[in-house]
Amino acid sequence: MKKYPEPIQKIIQYLRKLPGVGNKTAERFAFHILDWDSIDQTGFSNSLATLKTKVKTCDECGCYKDASNCTYCTKGHDLKTLCIIAKAKDVYTIDHMNAFSGYFHVIGSLISPLEGKMPEDLCLNSLSDRIDKLQIEEVIIALDSTLEGDATALYLHKAFKNKKIKITKLALGIPIGSTLEYVDEGTLSQAFASRHTLAEKN
């Protein structure tokens, strides 16, 4: 690394932790921040310092919220559907397309033995209780189109197949190997509209 002053080096090191940010990009960002006026620098610093304390995870659905009530638990809903997603940030991708108006539930991860993420990490007891409490009639599994996503979808189907609910999965059209955050709005809307009943593989 070039012999920048230590404060700049520290900023570069932190920026490199961001996905897709290499050393040159981090350097460019660091010097751009250095050129900001003091108000913007202070505002940026304060926002980072309070991010963990001001953004909470909803105990009910697992989505992000601020100090107020959870938007996704309190807004108007199609009271019969619940969409299962792996990561809290996926809710914003789906909600933005305005093609789904039901409840969301974040399971937190996908099954991946190589990464030490097992079925027991999905917290299915709270999900099962919520399905019963809300009297859900259809569960939509909206997970990444990856081996881990498919394995998790099949596990969820087995876990809830004895409930009197319809279990569906997003339709093909989402590129294999892709994550929801990188799927365009039109493709995702079509995948919701054409979702199909999930069947167990023999």
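Y92 is partly exposed, at 38% relative accessible area (partly exposed sits between buried, under 20%, and exposed, over 50%, using a 1.4 Å probe and protein chains only). This is a predicted model, where local features need pLDDT of at least 70 and side-chain atom pairs pLDDT 80 or more, while totals for chains, interfaces and linings use all residues. Numbering runs from 1 along each chain as its sequence is written, and side-chain values use heavy atoms, with hydrogens and water left out.

**The nonpolar patch**
- Helix α3 (residues 38–54) gives the largest share of the patch, three residues.

**Around β3 and β4**
- Y92 lies in helix α5 (helices are DSSP runs of H or I, at least four residues; strands are E, at least two).
- β3, α5 (residues 90–96) and β4 build a right-handed β-α-β unit.
- β3 (residues 81–85) and β4 run parallel over four bridges (pairing takes at least two DSSP bridges), and I85 has V106 as its bridge partner.
- β4 (residues 103–106) is covered on both faces, with Y103 and H105 buried on one side and F104 and V106 on the other.

**Helix α6**
- In α6 (residues 124–133), the buried residues are L124, L127, S128, R130 and I131.
- They line one face of the helix, because they fall within an arc of 160° seen down its axis.
- N125, D129 and K133 are exposed on the other side.

Conventions:
A crossover is right-handed if, with the strands pointing away from the viewer, the path from the first strand over the helix to the second runs clockwise. The arc is that of the directions from the helix axis to the C-beta atoms.
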